Amino acid sequence: QVQLVESGGGLVQAGGSLRLSCAASGRLSSSNVMGWYRQAPGKQRELVVTITSGGSTNYADSVKGRFIISRDNAKNTVYLQMNSLEPEDTAVYYCNAKNIWPVGPLYWGQGTQVTVSS
């Protein structure tokens with residue numbers, strides 16, 4: 001089992017910044033991928049960005065150049081620095097994690113609300 005706890009959401013004006021954190025505990029292997037997804041009201045959950053334990057990243061086009069993901073492998077924590085926020089970024093942001101080797105199931109955090117006012 002892997003437990004994920006997100007923090008850092010909140011209300012911000014358009015153009016502002018927020019930093020999300022996701023701390024993983026439990027049986028996270030040294031070879032893993034963690035990431036952020038988001039779900040806006042009435043919409044499907046969508047990819048924001050993922051990062052492997054080796055540092056490879058995959059960003060959604062909508063956040064490239066504005067969001068930056070990083071991770072501290074010693075702390076099993078990923079961070080999402082969100083800059084130049086837009087009202088369209090308003091959503092519940094979910095952290096997830098999956099062991100690559102040995103392969104394991106996908107785990108989700110409880111989500112954190114990000115609201116961007118215009």
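Which residue takes a positive phi in the hairpin of S5 and S6? It is Gly55, with a phi near 100°, in a hairpin that has four residues between the strands. The model is a predicted one, in which local features need pLDDT of at least 70 and side-chain atom pairs count only at pLDDT 80 or more, while totals for chains, interfaces and linings use all residues. Residues are numbered from 1 along each chain as its sequence is written, and side-chain values use heavy atoms, with hydrogens and water left out.

The strands named here are DSSP runs (E, at least two residues), numbered from the N terminus, and two of them pair if DSSP finds at least two bridges between them. S5 and strand S6 (residues 57-59) run antiparallel and are joined by three bridges, with Thr50 standing opposite Asn58 in S6. S5 is also joined to S4 by six bridges, again in an antiparallel arrangement, and Ile51 in S5 is the bridge partner of Met34. The hairpin of S4 and S5 has six residues between the strands, and there Gly42 takes a positive phi near 75°.

Strand S4 (residues 31-39) also holds Arg38, which is buried (under 20% relative accessible area, with a 1.4 Å probe and protein chains only), its own value being 6%. The side chain of Arg38 makes a polar contact of 2.8 Å with that of Glu46 and another of 2.9 Å with that of Asp89; a polar contact is a pair of N or O atoms within 3.5 Å, where within protein one must be able to donate a hydrogen and the other to accept it, and residues adjacent in sequence count only if both atoms are side-chain atoms. Leaving aside neighbours within four places in sequence, the residues in contact (heavy atoms within 4.5 Å) with Arg38 include Gln44, Val48, Phe67 and Tyr93.

Of its 30 residues, Leu4, Met34, Trp36, Leu80, Met82 and Tyr93 touch the most other members. Among the strands that each supply at least two residues of this core are strand S1 (2-7), S4, strand S5 (46-52) and strand S9 (91-101). In soluble globular proteins, nonpolar side chains tend to be buried together.

Not counting residues up to four places away in sequence, Asn96 touches several residues, including Leu4, Met34, Tyr37 and Trp108.

Note on methods: Buried < 20%, exposed > 50% of the residue type's maximum accessible area, 1.4 Å probe, protein only. Core = buried A, V, L, I, M, F, W, Y, C linked by side-chain atoms within 4.5 Å.
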